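Subject: Structure for you to look at

Hello,

Here is the structure I promised to pass on. Please open it alongside this note.

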Amino acid sequence: MPNKLTLAAIFAHPDDEAFGAGGTLAKYAGEGVDVHLITATLGEAGQVASPEITLTQPISALREHELRCACQHYGIELHLLGYVDGQTTIVPQDAAVYKIVRLLRELKPQVVITFGPDGVYGHYDHLAVHRWATAAVQLSGQADCWPEAGPAHAVAKFYHRALPEEQVARMEQMMGHNYVLMESVPFPFVGYPMEKITTIIDARDYAETKLKGILCHASQLAQDNPYRQTGFDLTTDPLFWQETFILVQSQPGIRSAISTNRKEDDLFAGLR
Ligand SMILES: [Zn+2]
């Protein structure tokens, strides 16, 4: 049994961690797990959605500041890959994967979470990070691959963040549509049927912390964003504080609820 539990989350932009997994990251950090966030870009392509904010610095500096604010609320450590928002598909892919392998070998997480092949709504950076993380988790455990990046480390459990269909339907209700516009083209959110979801993390006790992290990303929150409304009730809606994942890879011999066709309620199930 490992004496120190470590979780690494690999995402593309500042705010992916908060909207996507803020409850999970805060919960595990709050429970004493070492939690690391690897963020690929500084969200340079983002627009300032909030009219109260006047840019006095490059948007990358503002968004890094917002990201560090969220990490502070969640109690997690940030690692930046240093890529530019929107350019992840054109950078040398081996260099990006190498950087993640080096971090995995240094941090030695038993559990890694990242985007699924859907990229939540198919954002190209999300898809690139999904592919990088998938390759890095494979290669990190192979001692003959990049030995200069540190001794091999095998990740025990690898998860994709996956939205349930029900949540996508709820988002459509809240926003009036179910897509994100990228260069005027609608990219719909991808939801998974509940039977495909393997793991449900109940972060109710950390709902307030999750929201604090989301609110750090003020530049990304328009005035009418539901999270900014004073009446937003974070405790009544399980879709806010339950975060769902699909276990896509685990080391042989790890037994958890999935072995008996039930859903896991802990990313470290079978490792404690
Ligand atoms: Zn993103």
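The largest nonpolar core has 61 residues. Those with the most contacts inside that core are Ala-9, Ile-10, Leu-25, Ile-100, Val-112 and Val-129. Please keep in mind that this is a predicted model. As general background, nonpolar side chains in soluble globular proteins tend to be buried together.

Take Leu-25 as a way in. Sequence neighbours within four places aside, Leu-25 is in contact with Ala-9, Glu-17, Val-35, Leu-37, Tyr-74 and Ile-76. Ala-9 is itself on the list of core residues with the most contacts.

Val-155 sits in the loop between α5 (124-140) and β5 (157-161). Is Val-155 buried or exposed? Val-155 is buried, because 21 other C-beta atoms lie within 10 Å and the cut-off for buried is 20 or more. Beyond four places in sequence, Val-155 contacts Leu-104, Pro-109, Gln-110, Val-112, Val-137, Ser-140 and Gly-141. Arg-105 is 50 residues away along the chain, with 9.4 Å between its C-alpha atom and that of Val-155.

Next, a helix pair. Helix α2 covers residues 59-74 and helix α7 covers residues 207-216. Their axes come within 8 Å and cross at roughly 170 degrees. The two helices are therefore roughly antiparallel to each other. By class, the contact of α2 with α7 has 4 nonpolar, 3 polar and 2 charged residues. On the α2 side these are Glu-66, Cys-69, Ala-70, His-73 and Tyr-74. They meet Thr-209, Lys-212, Gly-213 and Cys-216 in α7. Tyr-74 is also one of the contacts of Leu-25.

Now the strands. β6 (residues 179-182) and β7 (residues 185-188) pair in the antiparallel sense over 4 bridges. Leu-181 stands opposite Pro-186 in β7. How many residues lie between the two strands of this hairpin? There are 2, and Glu-183 in the turn has a positive phi of about 50 degrees.

Last, Gln-242, which is found in strand β9 (residues 242-250). Gln-242 is partly exposed, because it has 18 other C-beta atoms within 10 Å, and buried would take 20 or more. Residues up to four places away in sequence aside, Gln-242 touches Ile-200, Ile-201 and Asp-202. Arg-204 is 38 residues from Gln-242 in sequence, yet their C-alpha atoms are 7.1 Å apart in space.

Best wishes

Definitions and conventions. Residues numbered from 1 in each chain as written. Predicted model: local features only at pLDDT ≥ 70, side-chain atom pairs only at ≥ 80, totals over all residues. Pairing = 2+ DSSP bridges. Axes fitted to C-alpha atoms, helices over the stretch in contact; angles between N-to-C directions. Parallel < 35°, antiparallel > 145°, perpendicular 65-115°, else oblique. Contact = placed C-beta atoms within 7 Å. Nonpolar A, V, L, I, M, F, W, Y, C, P; charged D, E, K, R; others polar. Core = buried A, V, L, I, M, F, W, Y, C linked by C-beta atoms within 7 Å. Buried ≥ 20, exposed ≤ 12 C-beta atoms within 10 Å, placed from the backbone.
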